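Hi,

Here is the structure I promised to pass on. Have a look at it first, and then read my notes below.

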Amino acid sequence: MLSRTVSPVFVGRRTEREALSAALAEAAEGRPQAVLISGEAGVGKTRLAEEFLAGARASGAVTAIGACVEAGADGLPYAPFAAVLRALHHRLGDELTRAAAGFGGELARLLPELGTQVATPPTREQEGRTRLFELTARLLENLSETTTLVLVIEDLHWSDRSTRELLGYLFRSLQHGRLLLVTTYRSDDIHRRHPLRPFLGELDRLRSVRRLDLARFTRDEVRGQLAGIHGAEPSLAELDEVYRRSEGNAFFVEELCCLSGPGSLSDSVRDLLLMRVEALPDAAQRVIAIAAPGGSHVEHRLLRAVTGLADDELIDAVRTAVNANILRARDNETYSFRHALLREAVEEDLLPGERTRVNRRYAEALEADPTLVCVDELAARLAGYWYRANDPERALPAVMAAAEDARCRWAYAEQLQLLERALELWDSAPAEVRRRLPLAEDAEAYPLCKCDDDDLLFLDLLAEMTLAARYAGEPERGVSVVRRALRALEGMGHPLREAWFRAEQSKHVRNFGRGTGADELAAARDLLGGLPPSRIHAKVIAESALWNSIFDPRPENLAVAESAMEVARQVGDRETELNARMSLGGLLVEIGRGDEGLVHLRAVTETVTKDGMHALVARCHVNLQSLLESLGRSAESLRVGEAGLRIADAYGLRESVAWLQGNQADALFSLGRWAEAHAAAEEARRHAQTPVGRALAAQRLARIALARGDLATARTEVAEVLQQHSPYGWAPQYGHPLLEYRLALAAADGRVLEAREILAPAHAERARAGNGRYTWPLLVRAAEAESDSVGNPAADPGRAEAIAAIRDHAAGLRRDYPVWEAHAALLDAELRRAEGTATAADWAAVAEAFAGLSRPFETARIAARHGEALLAEGDRDAAAERLAAAWAGAVELGAGELRERLARLAQRARLSLATAGPAAPSAGTVPGLTPRERDVLALVAVGRSNRQIAEELFISPKTASVHVSNILAKLEVSGRGEAAAVAHRLGLLDQAAAS
């Protein structure tokens, strides 16, 4: 064997090195960068990262590297981030502590060295995860204010979901600082159902992420690698043999160089790797075989305890393995295999009984001395070792302890994985072991067993899984777990537990996009009938009040919210009481008692602010902000949102920031401040941590794009909404805007029949009261589609039925506030326009209804309709004034679609939008024809009758007839057909379309 197998000369990768250097240069200027390196196993990703880090350190950057571990399946969350932070702590010491000042206790969930972990009430767990992500971003921004940081996270193909979500959050949210994030993954491992695939798809949509895909070496590059290893040029025979067998894979080139007789090598990759191990002394082979099941890295002290070797014997054996380039020694007294392929081959070569015994010895060593590994890895690794030791009695408690550790670190996906493993072990473990299990405290009002009843203990486990699935965003899995629990509860006579599971089922069904959850919630309420008050009563009734405020805001549902408040007060559940009061406030606003509703919301906001209930403070501001916008009080909504943003920023509630920024975008759009609205919606997207949050951000961006006339962007954003979250079962506040924008896109393409189909689901659900803020604009958009398509032969049939359905739907909507009443007037005018009965007076009334509402876009649109109606009635001076006002508003807003419509209308009417007077005649392209006659000829060419020409050009049919006669005479043609041929030949239709 050769003593050197790694080339001291770094071969190739010029393009990739230049890209990394460019990213580092940008990061050093204060613009955070992200680079994703992919390639097959052994192609050289790690070597590229190491060479780049060496160069970055030479330029003065602080670097750290962490790797995802195969133990991620055992619930070891955030492993690479813990490694990175630990490395930064080692290098920066007090500087890192200062950067984390004030929130080190929160970040102790990632790195215990930063402080004592802060306890959080169970009901605040969902907000805790959001805060952890935000504070991690804040820590990195603080550290990179003056120092360039280069952080490398390897092996994303092994990443746990929490790591991926935190990494994705950082990619989206980091805006400031001298920071470069580099990640690597094996591209050949990413099959169609691999969990990394959707994450990569999400990153592809981020313009800030660069992708580098490493190819295999060329023949010349393999020659350079061999020359570096040998210190001399290889022979042609060796180059041909090595290149043929390695196919340009850098790692396999190195392995082939380790063996003296290339011609004698096995074609099996596994055999190729094991031949090097088998050439070592027995002691080294034994240490390597024991290290392989230990995981991606093994601590020196742990390896000594498991092997039973004396320190000197272990060091000699490890040194042999290191010199053979099989193991690598790390600075933190841990060992890892030089390449994961080596470790995999060694572990697969062990007999099943050997793997079981080695894992047992690892577990026993950790139980005897827990200090052998980092405290943040202890629970997960102990659970993994006992599980692979095939010992349910020891594995079940270890797995449950690891699940609790994952929950405390807000790693709900990993908690759910571990709980599923516990479910697998449940029946195999002795009953006395199950009775000693550490179950979560009284989370979400679930009544823990606190007894020896095995069936109830099993339900406790399912309850934990139910919550973990909800927090992890796994509603499909949650539905499955709840169904299993309900089957287990049949005939047991435990209505409180069944009601709890039914209430959870309602949430999971809604989140899964398979309904509204109404039936499940009703079943939960029925189970509580006649039982004394309890926290579950309060939870279920408060959930019903919230559901009513979103899906079915009717006056008779006020009693549900009031009952929830009373029951919560009786059982001392103050947070549920405050949430129920918020729902009551929302219901009051929706049924027209807005001032009363705002009193409740402001009172709750004042209470939770005074008591420091930070997550509820943010939620109060979100609700108050949204409801003020519903009332048409957009400026006040902005002020409330700004206060909420200050609180959310102070406490790191970044998911709340997404909701607050989204609501800010709504208010800014209403006020005509579209550039600011766009920026706020982008901020909401950047901070959103859930599919629903990202869907709502895309929805708002679609609305802005539509108003600007950017249909391509609107289509992209609507597609993003549908990709992020299924709209089935959405409440009107989410579903109706999406229907509106889909309908608008269909109408813009002339697909009016499809637009009617899009509206049909909203009609089908109109038995519920609906939501004035979101449903009125949807119906107005549908009415516009009908009125703008008059004369379309495909759309005219069925129009009367479509108009009647819209009117019937509108009849059930409330009109309690000026902004809702104004939309009702707008809808009525649009429907009259579709029927051909709208008058200028109708549009003047609509304009009056919107006066003083600070809705500049609606004002401009209505002025355009008003001017059009005045033209039809022959009042050109008044029409010119209204159209000029509409044009000015459209230009100021950047309303591209409205500007185009106004330009076409002004051309047909021969009006100048800039001066509100007659348009100056332009040179004709047809000799002898006036501009007006050219307009008439263009309409003749598309088959319009004299009456239709008169309607389009706002002239009388008699005048149209005179124009046609003059045209025929001037063109010296015998009829309309010949005139149309002349128009086609001269390109008049193309000119008309372009204008």
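Y78 is buried, with a relative accessible area of 0% (buried means under 20% relative accessible area, exposed over 50% and partly exposed in between, with a 1.4 Å probe and protein chains only). You'll find Y78 in the loop between β2 (62–67) and α3 (79–92). Its phi is near 60°, a positive value in a residue other than glycine. Helices (H or I, at least four residues) and strands (E, at least two) are DSSP runs, numbered from the N terminus.

Before you go further, note that this is a predicted model, in which local features need pLDDT of at least 70 and side-chain atom pairs count only at pLDDT 80 or more, while totals for chains, interfaces and linings use all residues. Residues are numbered from 1 along each chain as its sequence is written, and side-chain values use heavy atoms, with hydrogens and water left out.

W410 is another spot to look at: its phi is near 65°, again positive in a residue other than glycine. W410 sits in the loop between α19 (392–408) and α20 (412–426), and at 2% relative accessibility it counts as buried.

Now for the strands. How many residues of β4 (residues 179–186) are buried? The count is 8 of its 8 residues, so to speak a mostly covered strand. On one side there are L179, L181, T183 and Y185, on the other L180, V182, T184 and R186, and both faces are covered.

- β1 (residues 33–39) runs parallel to β4 and is joined to it by 7 bridges; G39 stands opposite R186 in β4.
- β3 (residues 149–154) also runs parallel to β4, with 5 bridges joining the two; V150 has L180 of β4 as its bridge partner.

Two strands pair if DSSP finds at least two bridges between them. Together with helix α7 (residues 161–173), β3 and β4 make a right-handed β-α-β unit. Right-handed here means that, with the strands pointing away from the viewer, the path from the first strand over the helix to the second runs clockwise.

Elsewhere, 3 strands form an open antiparallel sheet in the order β6-β8-β7. β6 (298–299) and β7 (327–329) stand at the edges with a single partner strand each, so one side of each is left without a neighbour in the sheet. Between β7 and β8 (residues 334–337) there are 3 bridges, and the two strands run antiparallel. L327 has F337 in β8 as its bridge partner.

The largest nonpolar core has 146 residues, and L88, L302, L303 and F501 touch the most other members. A nonpolar core is a set of buried Ala, Val, Leu, Ile, Met, Phe, Trp, Tyr and Cys residues joined through side-chain atoms within 4.5 Å. Helix α22 (residues 454–471) gives the largest share of this core, 12 residues. Apart from this core lies another one, of 85 residues, including L759, A762, V819 and A890.

If you zoom in on L302, you'll see that it touches Y362, A365, L366, L372, V373, R381 and Y385, not counting residues up to four places away in sequence. Contact means heavy atoms within 4.5 Å.

Some helices are worth a click too. Helix α31 (residues 634–650) has 17 residues, which at 1.5 Å a residue should span 24 Å, and its end C-alpha atoms are 24 Å apart, in agreement. The expected span is 1.5 Å times one less than the number of residues. In α31 the buried residues include S634, E636, L638, V640 and I647.

Which residues of α47 are buried? They are A960, H963, V964, I967 and L971. These cover an arc of only 100° around the axis, which puts them on the same side of α47; the arc is that of the directions from the helix axis to the C-beta atoms. K958 and A969, on the other side of α47, are exposed. Just after the helix, E972 takes a positive phi of about 55°.

Last, there is A849 in helix α41 (residues 840–850). Is A849 buried or partly exposed? At 26% relative accessibility, A849 counts as partly exposed. Leaving aside neighbours within four places in sequence, A849 is in contact with A822 and A825.
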